[in-house]
Amino acid sequence: MTGGEERVRRLVVLAAITFAYAVALGLVYVLTVRTDLGRAFEDAALRGAVLTSVAEAADVVLDIVSVGSLFGALAVVALIALVRLARVPGLAAVGIMVGANLSTLVLKEALLSRPDVGLEEYAPVTLNSLPGGHSTAVLSALAAVLFVLPHRLRLPVATAGGALVFLTAVATMSAGWHRAGDSVAAFLVVGGWTALAATVVVAVSEEPTHAPARSSYAARWLGAATAGALALGLVVALTLDAAAAFRDSALGQTVAFLAATLVVLGALAGVLLVTLRVLEMMESAAGASPVPTGSGRR
């Protein structure tokens, strides 16, 4: 396969990933906002989050997410891009932050309505909160930084940054601001913009194509853990929906909250792992040839 053919193949794959994120976002919206079972589970999880709320800890986490912190992330992205002489990826990384946060605002305020389905919910039933703004802000900043970092630093930064994103998502639930589906939708918005940005970088690159870097064993184990957390959370959620009386009890609401956190964790880890792979494809197609994890220089 020639370099040009390989580039076209990767452009198709990246475009398909972007489209898949859009489809997944639509599914999350329908399941968590437009179905009675989804709304009931989300409400039980939100009530459980408030019951187990640690107000001071939640406030500390949520205070970190501000306009100032976003500008700080932009400054970090610009500095890294300048040091690495990566003008195009740097601009694309800024585009991730701007595009993700603006699209979240438009989706929440104008496009995705929240109808009254006749349930008594903790939060105002027609007040739309999907996608979550705080989760979008933190994950878009992390994605932008990952976009301009060297390959060898991405996995540890993604792990540390992902922990902050997860804490932010849980804190918004604990504060009663957002449901679990809001954060999952936010992750998908950021993932879609990251894949789109990588597609643009590959499309405008004039360098020859190189072989992609291999995923590390750590990333594979994280992938397995991601699938496990997501599957377990979904199984518990479906079980609770089949036992409505228990779900609506105080204990059931706490279990629903724990299941929701597993779903949030699994969705976040999945988006981060796909992002790391997308960035590997972008670098390879753009001419960078990162050293595969675990291989030594000779």
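Let me start at one residue: Pro89 lies in helix α5. Helices here are DSSP runs of H or I with at least four residues, strands are E runs of at least two, and both are numbered from the N terminus. This is a predicted model, where local features need pLDDT of at least 70, side-chain atom pairs count only at pLDDT 80 or more, and totals for chains, interfaces and linings use all residues. Residues are numbered from 1 along each chain as its sequence is written, and side-chain values use heavy atoms, with hydrogens and water left out.

Back to Pro89. Is Pro89 buried or exposed? Pro89 counts as buried because its relative accessible area is 19%. Buried means under 20% relative accessible area, exposed means over 50%, and partly exposed is in between, with a 1.4 Å probe and protein chains only. Pro89 touches Phe147, Val148 and Val201, leaving aside residues up to four places away in sequence. Contact means heavy atoms within 4.5 Å. Now Leu149: its C-alpha atom is 9.9 Å from that of Pro89, and the two are 60 residues apart along the chain.

Next, the whole chain. There are 11 helices and 0 strands. Of the 298 residues, 48% are buried. Take contacts between residues at least 6 apart in sequence: 85% of them join residues at least 24 apart. The accessible surface is about 14,100 Å², and carbon and sulfur atoms hold 71% of that. Those areas come from the Shrake-Rupley method with a 1.4 Å probe; for residues, only the protein chains shown count as cover.

Pro131 sits in the loop between α5 (87-111) and α6 (133-148). The peptide bond from Leu130 to Pro131 is cis, with omega near 0°.

Then α6 itself. Its 16 residues should span 22 Å at 1.5 Å a residue, and the end C-alpha atoms are 23 Å apart, so the two agree. The expected span is 1.5 Å times one less than the number of residues. α6 is mostly covered, with 14 of its 16 residues buried.

Thr35 lies in the loop between α1 (3-33) and α2. Thr35 counts as partly exposed because its relative accessibility is 26%. α2 covers residues 36-51 and reaches 22 Å from first C-alpha to last, close to the 22 Å expected. Its buried residues include Gly38, Phe41, Leu46 and Ala49. Asp43 is also in α2. Asp43 is buried because its relative accessibility is 10%. What does Asp43 touch, not counting residues up to four places away in sequence? Glu120, Glu121, Tyr122 and Ala123.

Last, a helix pair. α7 (residues 151-174) and α8 (residues 180-204) pack at about 145°, with axes 9 Å apart. Axes are lines fitted to C-alpha atoms, for helices over the stretch in contact, and angles run from 0 to 180 degrees between N-to-C directions. From α7, Val165, Ala169, Thr172 and Met173 make the contact; from α8, Ala180, Ser183 and Phe187 do. By class, that contact has 5 nonpolar, 2 polar and no charged residues. Nonpolar covers Ala, Val, Leu, Ile, Met, Phe, Trp, Tyr, Cys and Pro; charged covers Asp, Glu, Lys and Arg; the others, Gly among them, are polar.
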